[in-house]
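Open your viewer, pick a plain cartoon view and keep the selection tool at hand. We will go from stop to stop, and at each one you will have something to select.

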Amino acid sequence: MAKEECITQLNTAGDTSTLRHRRTVPTSSETLQTLSEDRRSQTAELDDTQSSNGTSAHFSPGGHFSQDPQSSRVVLMLVAGLCFATRLYKITEPPHVCWDETHFGKMGSYYINRTFFFDVHPPLAKMLIGLAGYMTGYDGTFPFGKPGDKYEHHNYWGMRGLCAVLGSFLPIFAYVIVQDLSRSYTAALITATLLIFDTGCITISQYILLDPILLFFIMAAVLSMVKFNLQRFRPFTSYWWLWLVLTGVNLAGALGVKFVGLFVILLVGLNTVWDLWRILGDLSLSLVEISKHFLARVVGLILVPLFLYVTIFAVHFVVLNKSGPGDGFFSSAFQSRLIGNNLHNASMPEYLAYGSTITVKNLRIAGGYLHSHWHLYPEGVGARQQQVTAYLHKDYNNVWLVHKQDNNASDLVRHGDIIRLEHKETTRNLHGHLHEAPLTKKHFQVTGYGINGTGDTNDLWQVEVCGGQKGDVVKVLRSKIRFLHRATGCVLYSSGKTLPKWGWEQVEVTCSPYLKETPSSQWNIEDHINPKLPNISLSVLKPHFLEILLESHIVMIRGNSGLKPKDNEMNSKPWHWPINYQGLRFSGVNDTEYRVYLLGNPVVWWMNLASLGLYPIMVAVASITLQRGFSLEHSLVLMREGGLLLLGWLLHYAPFYTMGRVLYFHHYFPAMLFSSMLTGTTSHCILTAPTTSTGGFQRARRDVTFYLFHPLSYGMTGPLAHEPGSAMAGQKWMDSWEF
């Protein structure tokens, strides 16, 4: 190997220890001198990293760098131009709501109208969508009722445009990341080409969704991490601090969009641990210098992201200050801060009394209001009596009347009193018996029974104030109470489980024989009307910021884990995703509608799959050659930098196998970005010798498949692929594709 190639190899690895201790060493005095000059090697690496700070070079036929800033800018501009052209093309088509635009477009409207809502994801992406809509003239009045609704005169293009612009940066970021990791234009261009011409990446970037915003912050965090790693021999310089802080900023952004941002946080965390371990082993550094490194990373990667993440929620709570559809998911105290909520600056009787009209809210997060309606339990589900459920929204069917069991009782309800609760709308009593509960089989069924106040002894419930003593009064909103069923000894309970369609997908209410006090068995009186009693102000209930921050996270996490698939929705399994087994219909179901189908470019995705399979084999070969005292070209880059990309893929893919929530095809796209970058790195190692001919053939084939499959992203009409005369019939390569 020539002297220049040895130096390039060592600089790429950033570590000469492996070669220094190999069994067979070159006898050339020039090579020995090179191996001994560690600091000069580091300096050479610093010179190379200048290219990653904005003056990168073009590749030579072998794939190595040579300084030519102008060529670098031209290539990057070409990549950027293709990215924006493919993502912004036909951005307003179709002019109707597509797939989850019905959720996230509506949430953008809520921000414009300052209306509180509930979502299972953190708020950053929805805030950005709302801001983009507001800045481009959208007034927040479109209802986003269901997929297919026409936008008509509403300015929706700004919200789609934000997502498309952020999605356009993904191939650009990937290009720079791979270029910095592999020091190869070939690898970087292969990666950029894969992502530019992937129909799946195009489709997911063109609509009002969280995904392009999430992917932007994930890739920006990885890019910042890689740039920071390149500055490791220039600690505490301005560029070093810049990339460290930007890494933290983008981590906060990723987590602020979706909780899956935790995966890139874990990737950066593992990289940081390895970096600190390397620093700890550097005997030229004092303990003071090592401590400075540690504290800098605490500030940049923990404190800065934490501050920004909390700030996102602070803005979220300040903007959404009006009552809305999300109120019922939160506690009574939380609701009291929302303008227009019945608890905001409200007054009501302080103590619960007989004859009062009330609503009863479970203290479990998202436990719901005690609710009933005219519908009966279906045949075979306990007794065929009126359903009693917990409902997460304000509703007239949540209203109950409090009646005495004993005419000698006082006017106020006290700890130990036996009462009857009558559902105001249907006049049936809250009733328990020994029939099995619908979903929680070890609990008993709760129903509505009787009419106009008549019933039986199974309608009687004993009120217990948690922590109270006999005779203690029940305080509205502030007292935690339980309802103990007199006949069976069980306690009224909200299980948190979602009932099937026959139960209107409301929350199951049971009577639990397990008497341990838990939030699921505790309730509070929220609304309270009794004209015979004096009212007091409820302003004292407003919670502090940290309380509502904690409560909102508990609600989001529980809501996320409880997501269930909807009817006729294409949910999928993790093993489907890497093989591009099944796509996801964004719009249209028949030959007269404008159809958009989320599916990856099959050549791109199957190349990624092959790369994932080849990578362990290539690493094994490289490891054996190194152990034998030789080094294949790019072997250290493949093992180290390729290993980082493989780790990124695993962290963003493997956890989905452990999740109990419903999963969809779009969940794979963060992992797909890492697999594409790994494909670029491994392909370059394979194609180093015949780069020009073979690489050109591969790019041509990707371009052809993009032409064949681009109607999936940009829309298609006419017969479906399985019907006669369809223009897409030849593209239906798998029976599981439904376009």
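## Start at the rings

Select Phe263, Trp577, Trp605, Trp649, Tyr653, Phe656, Tyr657, Phe665, Tyr668 and Phe669, and show their side chains: ring pairs link these residues into a cluster. Across the model, which is a predicted one, the count of aromatic pairs comes to 44.

Two individual pairs are worth a look. Begin with Trp99 and Phe586, whose rings are stacked, 5.1 Å centre to centre with 20° between the planes. How many residues apart are Trp99 and Phe586? They are 487 residues apart, so zoom out to see what is being joined: Trp99 sits in the loop between helix H5 (69-88) and helix H6 (101-113), while Phe586 belongs to strand E17 (residues 584-587). Both Trp99 and Phe586 are buried. Now move to Phe142 and Tyr151, a tilted pair at 5.0 Å centre to centre and 40° between the planes. Phe142 and Tyr151 are buried too.

## Into the core

Next, select Leu370, Leu421, Leu430, Phe483, Leu492 and Tyr668, the residues with the most contacts inside the largest nonpolar core, which has 166 residues. For a second, separate core, select Leu599, Phe709, Leu712 and Met728, which are among its 9 residues.

Come back to Leu370 and display what surrounds this residue: beyond its near neighbours in sequence, Leu370 touches residues including Val360, Trp400, Leu421, Leu430, Leu492 and Trp523.

## Along the strands

Colour strand E4 (residues 357-362) and strand E7 (residues 399-404), which pair in the antiparallel sense over 3 bridges. Here Ile358 stands opposite Trp400 in E7. Trp400 stands opposite His423 in E8.

## Annotated spans

The unreviewed UniProt entry lists transmembrane regions that include residues 213-230 and 294-320. Select 213-230: the chain is 100% helix there, and its end C-alpha atoms are 26 Å apart. Over 294-320 the span is 96% helix, with end C-alpha atoms 38 Å apart.

## Last stop: confidence

Finally, colour by pLDDT. The mean is 84, and 86% of the residues reach 70 or more. Residues 1-67 are below 50, yet this stretch has 108 contacts beyond near neighbours in sequence in the model. Residues 689-697 are also below 50, with 6 such contacts.

Terms used. Residues numbered from 1 in each chain as written. Predicted model: local features only at pLDDT ≥ 70, side-chain atom pairs only at ≥ 80, totals over all residues. Heavy atoms only, no water. Core = buried A, V, L, I, M, F, W, Y, C linked by side-chain atoms within 4.5 Å. Buried < 20%, exposed > 50% of the residue type's maximum accessible area, 1.4 Å probe, protein only. Contact = heavy atoms within 4.5 Å. Pairing = 2+ DSSP bridges. Helix = DSSP H or I, 4+ residues; strand = E, 2+ residues; numbered from the N terminus. pLDDT = per-residue confidence, 0-100. UniProt positions renumbered as here; feature names shortened; annotations may be inferred. Phe/Tyr/Trp six-rings, centres within 6.5 Å; stacked < 30°, edge-to-face > 60°. Lists of a residue's contacts leave out its neighbours within four places in sequence.
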